Protein chains: 2
Amino acid sequence: MAVYTTVDDAALAEFLTAYDVGTVLSFAGIAEGVENSNYLLRTDQAHYILTLYEKRTDAADLPFFIEVMEVLANSGLNCPLPVPARDGSILQELAGRPCAIFSFLDGTWSRFPNREKCAELGRTLATMHLNCAPVTRRRPNALGPDAWQPLFDSVGDGADVLGTGMTRQIQERLDSILADWPRDLPSGVIHADLFPNNVLFINDKLTGVIDFYFACDDLFAYDLAICLNSWCFEPDGSFNLTKSRAMLRAYQSVRPLSDAEISAIPTLAAGSAMRFFLTRLYDWINTPDDALVSPKDPMEYWAILRFHQSVSGTAAYGIGI
Amino acid sequence: MAVYTTVDDAALAEFLTAYDVGTVLSFAGIAEGVENSNYLLRTDQAHYILTLYEKRTDAADLPFFIEVMEVLANSGLNCPLPVPARDGSILQELAGRPCAIFSFLDGTWSRFPNREKCAELGRTLATMHLNCAPVTRRRPNALGPDAWQPLFDSVGDGADVLGTGMTRQIQERLDSILADWPRDLPSGVIHADLFPNNVLFINDKLTGVIDFYFACDDLFAYDLAICLNSWCFEPDGSFNLTKSRAMLRAYQSVRPLSDAEISAIPTLAAGSAMRFFLTRLYDWINTPDDALVSPKDPMEYWAILRFHQSVSGTAAYGIGI
């Protein structure tokens, strides 16, 4: 849960004089998102989300994120549309933080998405990849493969709290992933954090994709691998091939994967698992005990990583070349 | 902020099969309230609040709170109306917690309410006192004057963390309040926690009174004293007589105060300050460092207490006999 910055009624009223959003009917901090403070703002005109960017989001990256959302929303994709102030600007300041107002998207997220939802996600992800083409700004992936060794080095031998010999095992698996990493696959703007809590549904219809604050330029198939990891493993850690096949087929119905992309799936999925394992490991070691947000267990992603390094071919994902 | 219990989409869908509230459009934990978990539930029919009662709320008290809200909402007062399940029951269970659904009230709360809002509050408070007459259940005030000495005893000499000699000073002021405490003033159901964050406005019009989880049977004028303390002191600690007068006059336009009630205001207001000072002191000493909710500074209420024990008559509140 997260509302790091408090906005009182007087500050809100003063802030909203710069906008044409109508009369405020309700305003409540919501317990979603871990990086920024989010408020649900309802006026007599519409529902909005007011996001205050906290220090973990680099203000210099905000124009990129805003552009991605504008391009996607204007292309018809269900993602938040930035709402400009009267002077046309998107980024404002409130309570000492950069902030912006966005359209509100209906829907609820699903902790364990079913096969139909996995297919919806696959179609939407491919559409996002294609529709982001007009984005002009660039943002390298700060958490891409080049970042993993430095990130791992920064925790020293801290990984050994997870089990004897873990530091050595992680290094071996990381070396293997980096040695196999594909460098010349189709790339463009990716979401890079499309976990189920960032995708909204009403029944099985996808109604919203949110939280673009890890978006960057990287391999399209890597974005898909992040989704395979976060959508297709069951609560007991088992991999659901039916869901994986549904997601991959739906993706390909919009943007067919090349043979090189398909062949790279096990490595990309292992790399995605390594990325989330390492950031969780970092947070596990560095989160103060009194933090508002509890760190997630890195070992969930260690098991996923081992799965991908044990498969004998892409048939394990329900796809062939 | 507070969302102690997580409700996922599958649990929510299963839970809502017992209700006729329509199709869920959005569902978000909100960072309001410190005792319970609150979710904003929007369906194609209406907005609702889903409250899960956490362990600080005694389940045995819930029927009383629910009855108060039902009686008030049905009398036309802007307070949450409990929404029954198809079988007619209000209290249900979700994620192992007692819970209930309520109508959602528009409006935002005001950190420093102006004179017009203080008058609105006065009128509404008097209306609440009159309209609660049909409530049949009873609930003694667990934090009334009889509770203050035991509460103070439970912190031992812990108050000395606030300053040398504080334990002695508190005891002297508590003795003085209890010696003067009026026992035979008009009484009935009171809200007992009507701070500005529990009252919603659109512009200066009062649109909602919420959070009835301290409601109990006690002196009506004590409820008014709680409001004088929480609405009429400025950020710098000064007492705003104009706001106090507006609140008292508006209250009396609906339910005139007796001479005995007016005379008792300084003692009732000092007692109210003592009650919030003592509970904040208790939380200050007993809240673990890693708690989700930071304890409030008790010294704010010590200054308010000293103000009331220094006034020379009810004219200080803008009211005479």
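Q: What is the secondary structure of chain A?
A: This is a predicted model. Chain A has 9 helices and 10 strands.

Q: How does the radius of gyration of chain A sit against the globule rule?
A: The radius of gyration is 20 Å, close to the 20 Å that the rule gives for 321 residues, so chain A is as compact as a globular protein of that length.

Q: And what does the C-alpha trace span along its principal axes?
A: About 60 × 45 × 35 Å.

Q: What percentage of the residues count as buried?
A: In chain A, 41% of the 321 residues do.

Q: Contacts next. Of those between residues at least 6 apart in sequence, how many join residues at least 24 apart?
A: In chain A, 73% of them.

Q: Helix packing now. How do α3(A) and α7(A) cross?
A: Helix α3 of chain A covers residues 115–131, and helix α7 of chain A covers residues 241–254. Their axes come within 7 Å and cross at roughly 30°. That is under 35 degrees, so α3(A) and α7(A) count as roughly parallel to each other.

Q: Left-handed or right-handed?
A: Right-handed, as α3(A) passes α7(A).

Q: Which residues meet there?
A: From α3(A), they include A:Arg115, A:Cys118, A:Leu121 and A:Leu125. On the α7(A) side, A:Lys243, A:Met247, A:Tyr251 and A:Val254 are among them.

Q: What is the split by class?
A: The contact of α3(A) with α7(A) has 11 nonpolar, 4 polar and 3 charged residues.

Key: Residues are numbered from 1 along each chain as its sequence is written. Chains are lettered from A and ligands numbered from 1 in the order in which they are written. This is a predicted model: local features need pLDDT of at least 70, side-chain atom pairs count only at pLDDT 80 or more; totals for chains, interfaces and linings use all residues. Helices (H or I, at least four residues) and strands (E, at least two) are DSSP runs, numbered from the N terminus. The radius of gyration is taken over C-alpha atoms; the globule rule is 2.2 Å times the number of residues to the power 0.38. A residue is buried if 20 or more other C-beta atoms lie within 10 Å of its own, exposed if 12 or fewer, and partly exposed in between; C-beta atoms are placed from the backbone. Two residues are in contact if their C-beta atoms, placed from the backbone, lie within 7 Å. Axes are lines fitted to C-alpha atoms, for helices over the stretch in contact, and angles run from 0 to 180 degrees between N-to-C directions. Angles under 35 degrees count as roughly parallel, over 145 as roughly antiparallel, 65 to 115 as roughly perpendicular and the rest as oblique. A crossing is left-handed if the near helix is turned anticlockwise from the far one by less than a right angle, and right-handed if clockwise. Ala, Val, Leu, Ile, Met, Phe, Trp, Tyr, Cys and Pro count as nonpolar, Asp, Glu, Lys and Arg as charged, and the others, Gly among them, as polar.
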